[in-house]
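Please read them beside the coordinates.

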Amino acid sequence: MKKKWWQEAVVYEIYCKSFCDSDGDGIGDLRGVMSKLHVLRDLGVNCIWFTPIYTSPQVDNGYDVADYRNIDPAYGTLEDFKKLLDMAHGMGIRVIMDMVLNHSSDECEWFKESRKSKDNPYRNYYIWQPPKPDGSPPNNWGNYFREGNGSAWEFDAATNEYYLHQYSIKMPDLNWEYKPLRREIYNMLHFWLDLGVDGFRLDIFTRFKKPEGFPDTKKAPDLLLDRNGFVMDPSMCTNVEGIHEILHELYTEVFGPRDCMTVGEGAGVSHKNAADYVGALRQELDMVYHFQLSHRKLYSISTEHFRTVQKNWAEVLRKNAWAVQYLSNHDSARQVSCYGCDDERYRTDSAKLLATLIHTTPGTPFIYQGEEIGMTNVKYDTIEDYNCCYTVGDYHAMIASGVSPKEAIDLLAPRSRDNARTPYQWDGSENAGFSTGTPWIKVNPNYTHINLEADRANGDSIFAFYQELIRMRREDPAIIDGDLRFLLDDHEEILLYTRACIRQTLLVVANYSEKNVHFSIPEELENSSWRRRLTNKMDTTPSMGGSRDLLPWEVEIYELAR
Ligand code: NOJ
């Protein structure tokens, strides 16, 4: 069946604030992006996802939107954005916008109006509840950023009611029960489509619907992090009955008629419920990315886990749905530091191996800026250097429960979202070539040797390997259409799988470890003739017969000769 453009695409996520600063104020901007678009074209990607670039007080780096129809002045103007759209489209690159529709900023005009009085026309754009008789919040929910006293409700003296904020106090939740709010959102989405954007990434869409009556959570508090008995329990507002009605209406009012691409951030979505959101006949979303592979609490993947998740999602694809493949984004640590090996010896090899896994399994690959040059985690010494609301909130909660500052940083640093948000490392010049001013967040000191220029100077670069993988996606039908089948199903270090369609069979073999591994090629493969197409160890001899060794982090792609 003819595929949709987004099924064949490779999406590149741009965290604008950290990408490229054109005017020396230390903040990445749209002109900076325009100056680097040719790099993305060379890489071969054909879709950009912009994290939010709307006007925002930047409490959560743009996920707190103050004006949904404008660009934040730090990033540029609407005119700049239109220019960027034209440039990108001219290069064959589509552009999708991040839409934050679970909450806005408290500096959004809607909220400013809403909090004024109970009979304000915007009152019901947000979720207001009276205090309990003793004046306390309506229930025991905690906020994700652990702000204030920990509650997910903030009291507003102007009207003597509480408003709900699952995230920051400055990010009140929107009320999807209220039809005029929905209409406002639909009109705003059409505004961006009229401008020429090609689709949307929907922030935290599984949490739009709240449970009726706002019942208390029964979950026990996390003694280290939850404060004053307010418990952070994602299950209270995730996948609540009625969420499908909201998404279907979004589809019929906007996504369907405009034929735009949608990808949702699927907190609470697994292979079990994914098809309810992205099954083609559901008329809700096109794709959803899940957290089953890159689990942010565990940050480790075993070969067994990889096989299980991929097999489960291959089943989702069989239900007339599609998948996303990714290992990291702006909310995670750097993939090579978590799932690969970021020491000098194996950083390049493991970066290439991880890339291969994502680009050769079924679905659309999403690249996060910097992974194509193997950027790594950073570690700052003091909390003042960190910016991420989770890191800062958790740090203060830990200090309050008696943890020492050093211990708290040691615990939080490897997981901090700031790992992904350090400025892009363009070259070895001051501030990694990101800015001539002082970057809003400190550059990773390893920029002197890990940077795009240094990587590309090497013929065997990570960037070149990504280019090759992306070229294969364009030219090799099995990458998009092939059925997935694992062999050596119990092997602890080796991943071996085929992707086979009528026109082609590809085979991937990877040593997902730091050891030299000796193993036997399954007999059924031995009788065929395999041609090696890509490897991260150019000086090894291809072999798909007998038994053989794979070097640490070695990966190869073969094609079956016909
Ligand atoms: C998910 C976004 O990816 C993250 O960066 C943000 O903090 C939360 N949603 C809240 O909008």
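1. Alanine 432 has a relative accessibility of 0% and is therefore buried, a label given to residues under 20% relative accessible area, with exposed meaning over 50% and partly exposed in between (1.4 Å probe, protein chains only). Alanine 432 sits in the loop between helix H13 (418-421) and helix H14 (452-457); helices (H or I, at least four residues) and strands (E, at least two) are DSSP runs, numbered from the N terminus. The phi of alanine 432 is positive, about 60 degrees, although the residue is not a glycine. Most residues other than glycine have a negative phi.

2. On provenance: this is a predicted model, in which local features need pLDDT of at least 70 and side-chain atom pairs count only at pLDDT 80 or more, while totals for chains, interfaces and linings use all residues. Residues are numbered from 1 along each chain as its sequence is written, and side-chain values use heavy atoms, with hydrogens and water left out.

3. Tryptophan 553 also has a positive phi, near 60 degrees, and is a residue other than glycine. Its place is the loop between strand E19 (547-550) and strand E20 (555-560). With a relative accessible area of 4%, tryptophan 553 is buried.

4. For the chain as a whole, the secondary structure comes to 17 helices and 20 strands. The radius of gyration is 24 Å, close to the 24 Å that the globule rule gives for 562 residues, so the chain is as compact as a globular protein of that length. That radius is taken over C-alpha atoms, and the rule is 2.2 Å times the number of residues to the power 0.38. Along the principal axes, the C-alpha atoms fill a box of roughly 75 × 50 × 50 Å.

5. Of the 562 residues in the protein chain, 62% are buried. Among contacts (heavy atoms within 4.5 Å) with a separation of 6 or more, 72% join residues 24 or more positions apart. The accessible surface, from the Shrake-Rupley method with a 1.4 Å probe, comes to about 21,600 Å², and 49% of this belongs to carbon and sulfur atoms.

6. What holds the most contacts inside the largest nonpolar core? That core has 143 residues, and Phe50, Phe81, Trp192 and Phe200 are the ones with the most contacts inside it. A nonpolar core is a set of buried Ala, Val, Leu, Ile, Met, Phe, Trp, Tyr and Cys residues joined through side-chain atoms within 4.5 Å. A second, separate core of 14 residues includes Val378, Met398, Leu412 and Ala413. Leaving aside neighbours within four places in sequence, tryptophan 192 is in contact with residues including Tyr54, Arg69, Phe81, Met97 and Phe200.

7. Tyrosine 167 lies in the loop between strand E8 (161-164) and helix H5 (179-195) and is buried at 6% relative accessible area. Apart from neighbours within four places in sequence, its contacts include Asn102, His103, Arg207 and Tyr390. Tyrosine 167 and glycine 459 are 292 residues apart in sequence and 45 Å apart in space, C-alpha to C-alpha.

8. Leucine 534 belongs to strand E18 (residues 530-535) and counts as buried at 9% relative accessibility. Neighbours within four places in sequence aside, leucine 534 is in contact with Phe465, Glu468, Leu469, Met472, Val555, Glu556 and Ile557.
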